[in-house]
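Student: I am new to this structure and would like to learn how to read its features one at a time. Could you guide me through them?

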Amino acid sequence: MSAAVAIPHDMEPHPVTGMYNGKFGLWLFLASEVMLFGALFSSYVLLRMGAPEGTWPKHGAEILNVPLATFNTVVLITSSVTMVMAWAALKMNNIARGQLFLTVTFLLAGAFLVVKYFEYSEKFNHFEVWLKEPMVVDGNSVSSIRGHLAKDCPPLTKETHIRAFAIPEFILLDPDAPAGSKEHPPTLRIDGGNIRRISDFGPAHSTFLATYFTLTGLHGLHIIGGMVVILYFMLTGSRFAQKRPDKYADRIECTGLYWHFVDLVWIFLFPVLYLL
Amino acid sequence: MSKHDTHADHHHEELPFWRKYIFSVDHKVIGVQYTITALVFLMFGFALMMIMRWQLAYPGQPIPFIGKYLGDTIALDGILSGDGYNAFGAMHGTIMVFLAIVPLGVGGFGNYVLPLQIGAPDMAFPRLNMASYWIYLPGGIIMLASFFMPGGAANSGWTSYAPLSVIATTGQTMWLLGMVFLITSSLLGSVNFIVTAVQLRAKGLSFFRLPFFVWAQLVTSFLLLLAFPPLEAAAVLQLMDRVAGTSFFMPTGLVVSGVEQAHLSGGGSPLLWQHLFWFLAHPEVYVLILPALGIISEIIATNTRKPLWGYKSLVYSAIFLGFMSFIVWAHHMFMTGMGTTLSTFFQATTMIISVPSVIILTCLIISLYGASIRFTVPMLFALSFLPMFAIGGLTGLPLGLTASDIHLHDTYYVIGHFHYVVAPGTIFAVFAGIYHWFPKVTGRMMNSTLGRLHWFFSFIFINGVFMPMLFQGMAGILRRQYDQSEQLHGASAQGLSVMVSWSAWLLFVAQIPFIINFFWSIWKGQKVGANPWEATTLEWAAPSPPPHGNFDTVPVVYCGPYEYSVPGKKTDFCPQHVVA
């Protein structure tokens, strides 16, 4: 870095803002992130208000897994705490302890993603079939059936140009147990001729799930971005901290600010998507 | 702060070529990179339009010279096809706004001039600055590459209205990816600009001693920072619609070419796209014009040899303009049936936002009063900017009123209106800025005779392009029409179309003196010192061209930005860094 120009207020706070350059820049970046997620939350409100009757679940818990998400909320909040502890340790010149808490933060973020992976894959193995003529299942006449594909059901194919499942000749479906019972109704055979539309519980299923996958997917990308930065500091941090401990603590402070923001987004996502 | 060794270490350090000119962290090199790249995109966007103008002037006739090289999908037998026309139109708008004008005004001039004007050695985050250029460039390349996709480039207009854009060919997916790059680039740039302008000001350079150019860049950066993310959100949602089969913008029961789209979940809202898009794209208008107003202010102050009239009014107006620009967006949507209550609200805010614009223009015009004006080439461009920006602004008022907008919406009147703001407005300001700061960048002046030729013919022909459009629009000719002569009212105004097209082609010819002048002056222009215009702001205190790190001694500021013709002084200008 010998060729670099010395930039004023790289480390010492500016009297107008009370912040060094990096911290001020990070707050500005977060302002823009607020606008990004703000636009998406606003879209959610508008789409939900304008949703045709019966296309939006009464609350997310009908479809989504609340216990797993609650567990993930605890994991993320804990990771925010360990992030602060890493910064505090570095401020007190305890580099080993700082690096340790950084590693814990990284592992907690990883745990969050693993749980998210199970949540996602559960959705992609769960199907809904919309019928042209209602069928009688368990004594009730229904126009759509939810369930898992039976073991001997021929595999479904996707039509690439319309990005949706092609209507097969027939499918074999193990319907979900009705609410309040654990007993699955027997396997159903549904003719392709009576299928209007078939979808897994992925983004294409409904606008609710589309919103869910877009918002949590974008949040997941932010988690991954944060993990990349934390991993970088886990690997290179000790050497940097030996040379310029104050500068290193500043960097971890900025990383932490970002990390708390990602955490905060989840604090909003959780009730909006799962509980409301 | 190590003020003294700032300049000692780096002067003798020779960087390898690729670090000095390609992956440079010097704001001046990055500014020049932005300017040159954006000028190339400007030329490319102009070329697309010149081809479209052939179809509009002589519908159904083969394009001379280049028609046979465009390929069968764009121009079969040399005749521009409807799809080709749509793709060219969409890409002309996209390239001009996102790849040419914004990068010129902010990436180019902002990067080069802003740190110099505030007496900073560089931007606050030099490496971030480099990253924003190297994200902008791939974004542009992705946009251009979309011409080679099956089905050609994006063809749903630069506004990409859903559901048309969702069912469009793959070029649209490229457009969305390209936008994500450009948005990321401008996000990094705007963070850098704000931090630089706030934290890196030289000692004594308080906020109300900042040149108006810096204020304009500061407000622009806030607009970029806060208005672009909603478009990024919209682009993500549209990408999901196109790639993952979601229905954010696809309504229930949508029928395409007679086929009901039963595979879609439906329940989406096409209007949502328009709201998210215009939430960006209206502040974007001020992103296009504010840097231009900043450039023009500097040039007018320098060449009138007077302080700018109403400096504080200019600053407060720019801030108010920035704030208001966030709550006027739906005046682009009066015809969507969103309801009269909302329309009335947005009509009122639109009328309010015209007030600060008029204040800025009035201040600049009054600044000319009683001055002994130096008619230099940049000043000629600046002087012609003022009336043409006024035409652009005033023709916007009938569009902001719901009653008159019903007649004018989506006609050539709209095209004429916003091009008057952006083309004879911002592009003239960009030319003015290039002539004005060229001696700072290269240490040489641009040729004045060629410059005057460039200005005179550009001024004539650019009005020949856009003035007839206002009349065509009032005659009811629609903006996106492939062949207006098929309709009676269009056929009767066909003569104007021919005039517009010839003006556009001659406008291209008028740029040749500029291109020659630009390259000739780099090597052969008259050598000048640090301050050839006898200007007051800090960039003229640095050597021309400024070295890495900018100033020989760290400047300290003692007075306001435009201390010209102060009574009792020996010279008619008092530079900011000289003790009064």
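This is a predicted model: local features need pLDDT of at least 70, side-chain atom pairs count only at pLDDT 80 or more; totals for chains, interfaces and linings use all residues.

Student: Into which domains is chain A divided?

Tutor: Chain A has domain 1, made of 21-52 + 63-123 + 207-275, and domain 2, which covers 127-200. Between the C-alpha centres of domain 1 of chain A and domain 2 of chain A there are 37 Å.

Student: In what order do the five strands of the open sheet in chain A come?

Tutor: Reading across the open sheet of chain A, the order is S6-S5-S2-S1-S7, with antiparallel pairing. Strands S6 (188-191) and S7 (195-200) of chain A are at the edges, and because each has a single partner strand, one side of each lacks a neighbour in the sheet. From one strand to the next, the twist averages 50°.

Student: How many bridges join strand S2 of chain A to strand S5 of chain A?

Tutor: Three bridges join S2 (residues 140-149) and S5 (residues 170-175) of chain A, and the two strands run antiparallel. A:His148 stands opposite A:Asp174, which belongs to S5(A).

Student: Turning to chain B, is B:Thr94 buried or exposed?

Tutor: A residue is called buried if 20 or more other C-beta atoms lie within 10 Å of its own. B:Thr94 has 24 C-beta neighbours inside 10 Å, and therefore counts as buried. B:Thr94 belongs to helix H4 (residues 82-117) of chain B.

Student: Which residues is B:Thr94 in contact with, leaving aside its neighbours within four places in sequence?

Tutor: With those neighbours left aside, B:Thr94 is in contact with B:Met143, B:Trp158 and B:Trp175. B:Ser160, 66 residues from B:Thr94 in sequence, lies 10.0 Å from B:Thr94 in space, C-alpha to C-alpha.

How values were computed:
Residues are numbered from 1 along each chain as its sequence is written. Chains are lettered from A and ligands numbered from 1 in the order in which they are written. Helices (H or I, at least four residues) and strands (E, at least two) are DSSP runs, numbered from the N terminus. A residue is buried if 20 or more other C-beta atoms lie within 10 Å of its own, exposed if 12 or fewer, and partly exposed in between; C-beta atoms are placed from the backbone. Two residues are in contact if their C-beta atoms, placed from the backbone, lie within 7 Å. Domain bounds come from an automatic or database domain assignment. Two strands pair if DSSP finds at least two bridges between them. Axes are lines fitted to C-alpha atoms, for helices over the stretch in contact, and angles run from 0 to 180 degrees between N-to-C directions.
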